[in-house]
Amino acid sequence: MPVPLKDLVPVVTFVSSFASPKDPSSPSAFLWFSGGFARAYSESAGAAWRSPAGLEDFSVRADGFAALLASLASQYEEVSFEVSASRLVVRSGTFRAQLPVWPGDVDAPREWIDRKPPEGGVEVNDAFWSDVARVKAAASPDEAKPGLCGVYWAPDGGLIAADNFQAAVCTSPGRAAPRPALGDPSKPKGVLIPSQVLALLGGNPGFDRAAVDEESVWFYSSSGAGSVYGRLYSVEFPAAQFVEFMKVVREQAAASTKVEAKGIVNSLERLLFFARRQPYMVKAEVGGDSVRLWVSEEEGDGRSAEETVPAKVEGGAAAFSVDGKALREIMRNCSSLCTSGARPLYFRSDDGRFEHVLSLLSS
């Protein structure tokens, strides 16, 4: 039965990103069309999405399959599949191809392929995904430190992310949080949403429910259209230490120089063109009513630039060096910062919901 490519391509494109091509013979390298859903999983994350009506069950290697269908969709409207024990025949217009399928004499790992979200869960909305997007840039990319590789979702609904040189927190009193079925239900734990899952989900995936079981954190659609899950790390996020750290930073910030300068973001857009080496060091001098920013490549090709930005300054003069790219992204959401010139920069959004800490660089 022919299937509209406009309906199939988005499903395959999204789900196949959860497959793992590392071992072409592994079940995790395949897309699994079963029971009206397209499914894929890797060692750490999986996804399921309702497939178009009339699509029969089959499995096929994920690598390149979405690109093939997208190419067909640019010229044809429909595609059809013929499934045998060893191959999948693809037909669309005058195009015909055959691909290997999962061997019929080898058992597939049904416990992963057919996984379903746990019962219950809590509501998540567009505001939740927007908040996650604002803090996830601070999550550590170092998988050797799994306790920091993601966004921590606290029992009170707060969101926290941190690595070795920055930290971000979003507070939202009253927002529901997941109540994991782990340990004492009267003392719910938070959950670390793995960075890999967040990267695959993108900015706002549209899922409106979340749940946690003993192995995974789940996001899914209440309509039953689809779900994703990420395996939980065995190491917990150091929430208690982070709370104490932020308390100290806030106290230090209260006695520091406060700078309000909305023009910093536009200035950094220009100055970063002249910074070629990571971290993208930008130096700053805070004066009575301005901030002077400059970039120079001492060992590079001689590029340099500077700009003075008008600012409202409360406190004494200060100077610091910082990763300009990180500073730019933070100040898209926070128009002010606090600095002593010797301690990490502290940022707080105008509505008070977002806080960010960014370490200084040695100049």
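# Helix pairs and cysteines

Visitor: Why is the crossing of H7 and H8 called left-handed?
Guide: The crossing of H7 and H8 is left-handed, a name used if the near helix is turned anticlockwise from the far one by less than a right angle, and right-handed if clockwise. This is a predicted model, in which local features need pLDDT of at least 70 and side-chain atom pairs count only at pLDDT 80 or more, while totals for chains, interfaces and linings use all residues. Residues are numbered from 1 along each chain as its sequence is written, and side-chain values use heavy atoms, leaving out hydrogens and water.

Visitor: What makes H7 roughly antiparallel to H8?
Guide: Helix H7 (residues 264-271) and helix H8 (residues 324-331) have axes that come within 9 Å and cross at roughly 150 degrees. Angles over 145 degrees count as roughly antiparallel (under 35 roughly parallel, 65 to 115 roughly perpendicular, the rest oblique), and therefore H7 is roughly antiparallel to H8.

Visitor: Which residues of H7 and H8 meet?
Guide: Ile264, Val265, Leu268 and Glu269 in H7 meet Gly324, Leu327, Arg328 and Met331 in H8, where contact means heavy atoms within 4.5 Å. By class, this contact of H7 with H8 has five nonpolar, one polar and two charged residues.

Visitor: How do you know how H1 runs relative to H2?
Guide: Helix H1 (residues 5-16) packs against helix H2 (residues 65-73) at an angle of about 160 degrees, with the axes 9 Å apart. That angle makes H1 roughly antiparallel to H2, and H1 passes H2 in a left-handed crossing. In H1, the residues Leu5, Leu8, Val9, Val12, Thr13 and Ser16 meet Phe65, Ala66, Leu69, Ala70, Leu72 and Ala73 in H2. By class, the contact of H1 with H2 has ten nonpolar, two polar and no charged residues.

Visitor: Why is cysteine 334 called buried?
Guide: Cysteine 334 has a relative accessible area of 3%, and buried means under 20% (exposed over 50%, partly exposed in between, with a 1.4 Å probe and protein chains only), so cysteine 334 is buried. Cysteine 149 is buried as well, with a relative accessible area of 3%. Of the 363 residues of the chain, 48% count as buried.

Visitor: Why is the sulfur of cysteine 334 too far from the closest cysteine sulfur for a bond?
Guide: A disulfide is a pair of cysteine sulfur atoms within 2.5 Å, whereas the sulfur of cysteine 334 is 11 Å from the closest cysteine sulfur, in cysteine 170, and is therefore too far for a bond. By this rule, the count comes to zero disulfides.

Notes: Axes fitted to C-alpha atoms, helices over the stretch in contact; angles between N-to-C directions. Helix = DSSP H or I, 4+ residues; strand = E, 2+ residues; numbered from the N terminus. Nonpolar A, V, L, I, M, F, W, Y, C, P; charged D, E, K, R; others polar.
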